[in-house]
Amino acid sequence: MKFSSSVAAAAALTGASAHTIMTNLVSNGVVNGVGVGIRVPSYDGPITDVSTSDIACNGGPNPTTPSNVVIDVQAGSTVQTYWRHTLTSTSSDVIDPSHKGPVMAYMKKVSDAKTDTGIGGGWFKISQEGYDSSTGLWAVDKLISNGGVQTIPIPSCIANGQYLLRGELIALHSASSANGAQFYMECAQINVTGGTGSVSPATVSLPGAYKV
């Protein structure tokens, strides 16, 4: 089967516009710069093979850049992450609206947030928003209307120390086939203070939490 060059070009443009990156972390009212405390990728594409180690903090087809910054976060506070189509996009260019799905966040306690790969066990989910049947909107729809801002409450009951904070979007438009769901994630490097340490949350492994 042959496709015209115009159709191929349109398809390429649609696919490219769908991609997204978690670029910034806002903590204590401070908007940290792009890639400050976040391992941002060089390419804004998705991870589709949930069995690979790339599902933890991205990488593989989207090589990430290390950061030597760990951002202080108060337990019980609320942080925000910014999602953008590219590292230079504005709040009006978040992700293609056809890529509907949930938005969530995970954390993992680590000894050194700057060097831990995030691969393996220890991840626990701290927020999730999916489909709102009362409005007919997916979490991605709301993220777009909010200018790409994801709001994440940090639990007050966790222990102090360094963590990886993993923001995640899942685009479901092609999820009817194996490896069709598109996972977008980045890991921010944070240091939590003021936590009570009263709860040891149940954890999952990445890879492992998701199945084809």
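**A colleague's note on the predicted fold**

1. Four strands make up an open sheet, ordered β2-β1-β4-β9, with antiparallel pairing. Because β2 (30-31) and β9 (149-153) are at the edges with a single partner strand each, one side of each has no neighbour in the sheet. Strands here are DSSP runs of E with at least two residues, and helices are runs of H or I with at least four residues, both numbered from the N terminus. Two strands count as paired if DSSP finds at least two bridges between them. Two bridges join β1 to β2, which run antiparallel, and Ser27 stands opposite Val30 in β2.

2. A word on the model before going further. It is predicted, so please bear in mind that local features need pLDDT of at least 70 and side-chain atom pairs count only at pLDDT 80 or more, while totals for chains, interfaces and linings use all residues. Residues are numbered from 1 along each chain as its sequence is written, and side-chain values use heavy atoms, with hydrogens and water left out.

3. Strand β11 (residues 182-193) deserves a look. It is mostly covered, with 10 of its 12 residues buried; buried means under 20% relative accessible area, exposed means over 50%, and partly exposed is in between (1.4 Å probe, protein chains only). Strand β3 (residues 71-74) runs parallel to β11 and is joined to it by four bridges, with Val73 opposite Val192. On β10 the pairing with β11 is antiparallel, through 11 bridges, and Leu165 stands opposite Ala188.

4. Your cysteines next. One disulfide is counted, taking a disulfide as a pair of cysteine sulfur atoms within 2.5 Å. Cys57 and Cys187 form it, with their sulfur atoms 2.0 Å apart. Cys57 is in helix α2 (residues 54-57) and Cys187 in strand β11, so the pair ties together parts that are 130 residues apart in sequence. The torsion about the S-S bond is about -85°, so this disulfide is left-handed. Both Cys57 and Cys187 are buried, whereas Cys157, at 24% relative accessibility, counts as partly exposed.

5. Now the aromatic rings. Rings of Phe, Tyr and Trp (its six-membered ring) pair if their centres lie within 6.5 Å; planes under 30 degrees apart are stacked, over 60 edge-to-face, and the rest tilted. The whole structure holds three aromatic pairs. In one of them, Phe124 and Tyr163 have ring centres 6.3 Å apart and planes at 80°, so the pair is edge-to-face. Phe124 in strand β6 (residues 120-129) and Tyr163 in strand β10 (residues 161-171) are 39 residues apart, so to speak of this pair is to speak of a link between distant parts of the chain. Both Phe124 and Tyr163 are buried.

6. Finally, the nonpolar interior. A nonpolar core is a set of buried Ala, Val, Leu, Ile, Met, Phe, Trp, Tyr and Cys residues joined through side-chain atoms within 4.5 Å. The largest has 31 residues, and Leu25, Met107, Ile126, Ile154, Leu165 and Ile190 have the most contacts inside it. Elements that each supply at least two of its residues include β1 (21-27), β3, β10 and β11. A second, separate core of 18 residues includes Val110, Trp123, Phe183 and Cys187.
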